[in-house]
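Student: I'm new to this one. Please walk me through it, a piece at a time.

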Amino acid sequence: MPDEIQERAGVPVLVCDPAGPTVATEQDALDLIGAAFAGAQVVAVPANRLDERFFSLGTRFAGEVMQKFVNYRLRLVVVGDISTHLDGSSALRALVHESNQAGHIWFVPDLDALDERLRAMA
């Protein structure tokens, strides 16, 4: 399945293919943002497509990627099980908790959970 824009809970979402390329640079994030400009308001990226540095906050890669999405007024949703990463980092747990309380960056276990969050926002 290629990355494709789907309407989910009435919101256009760029749903990224789990088998797609790794988001390993700021340019990779900008490429997703560019693809979203075809009409999406949300970009749902499988956790396995994010470079390991994203989950190691000391690298600042997560902050750089998240800031790009905020700057372009797009919601970034990390989809998938990140429990292994959370177990090893209280800072990451705090970031995920705070992000999920706000509106721009979410971490959800699956697309069904994303649909629930989008319906709750409507």
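Tutor: One term to begin with: two strands count as paired if DSSP finds at least two bridges between them. Keep in mind that this is a predicted model.

Student: Fine. How many bridges join β1 and β2, and in which sense do they pair?

Tutor: There are 5 bridges, and the pairing of β1 (residues 4-8) with β2 is antiparallel. Take Arg8 as an example: its bridge partner in β2 is Val11.

Student: What about the hairpin itself? How many residues sit between the strands?

Tutor: The hairpin of β1 and β2 has 2 residues between its strands. Ala9 takes a positive phi there, near 55 degrees.

Student: Is β2 mostly buried or exposed?

Tutor: Buried. In β2 (residues 11-15), 4 of the 5 residues are buried, so the strand is largely enclosed by the rest of the structure.

Student: What does β2 join through 3 bridges?

Tutor: Strand β3 (residues 42-46), and those two strands run parallel. Leu14 has Val43 as its bridge partner in β3. To get from β2 to β3, the chain passes through helix α1 (residues 26-36), and this β-α-β crossover is right-handed.

Student: New topic. Which residues of α2 are buried?

Tutor: In helix α2 (residues 61-71), they are Phe61, Ala62, Val65, Met66 and Phe69. Looking down the axis of α2, these buried residues fall within an arc of 125 degrees, so they line one face of the helix.

Student: And what do they pack against?

Tutor: Several elements. The buried residues of α2 pack against α1, β3, β4 (75-79), α4 (90-101) and β5. Just after α2 comes Arg73, with a positive phi of about 55 degrees.

Student: You mentioned β5. Where is Phe107?

Tutor: Phe107 lies in strand β5 (residues 105-108). Its relative accessibility is 8%, so Phe107 counts as buried; the cut-off for buried is under 20%.

Student: What does Phe107 touch?

Tutor: Leaving out residues up to four places away in sequence, Phe107 touches Phe54, Val78, Ile82, Val96, Ser99 and Asn100. Also, the C-alpha atoms of Phe107 and Val79 are 6.1 Å apart, although 28 residues separate the two along the chain.

Student: Switching to charges. How many salt bridges does the structure hold?

Tutor: It holds 4 salt bridges. One of them joins Asp3 and Arg49, with 2.9 Å between the closest N and O atoms. That pair links distant parts of the chain: Asp3 is in the segment before β1, Arg49 is in the loop between β3 and α2, and they are 46 residues apart.

Student: Is Arg49 buried or exposed?

Tutor: Arg49 is buried, with a relative accessible area of 2%. Asp3 is partly exposed, at 31%.

Student: Next pair, please. Which residue does Lys68 meet in a salt bridge?

Tutor: Glu26, at 3.2 Å from N to O. This pair also links distant parts of the chain: Lys68 belongs to helix α2 and Glu26 to helix α1, 42 residues apart. Lys68 counts as partly exposed, at 22% relative accessibility. Glu26 counts as partly exposed too, at 32%.

Student: One more. What does Asp51 form a salt bridge with?

Tutor: With Arg53, and the closest N and O atoms are 3.0 Å apart. Arg53 has 35% relative accessibility, so it counts as partly exposed.

Methods:
Residues are numbered from 1 along each chain as its sequence is written. This is a predicted model: local features need pLDDT of at least 70, side-chain atom pairs count only at pLDDT 80 or more; totals for chains, interfaces and linings use all residues. Side-chain values use heavy atoms; hydrogens and water are left out. Buried means under 20% relative accessible area, exposed over 50%, partly exposed in between (1.4 Å probe, protein chains only). A crossover is right-handed if, with the strands pointing away from the viewer, the path from the first strand over the helix to the second runs clockwise. Contact means heavy atoms within 4.5 Å. The arc is that of the directions from the helix axis to the C-beta atoms. A salt bridge is a side-chain nitrogen of Lys or Arg within 4 Å of a carboxyl oxygen of Asp or Glu.
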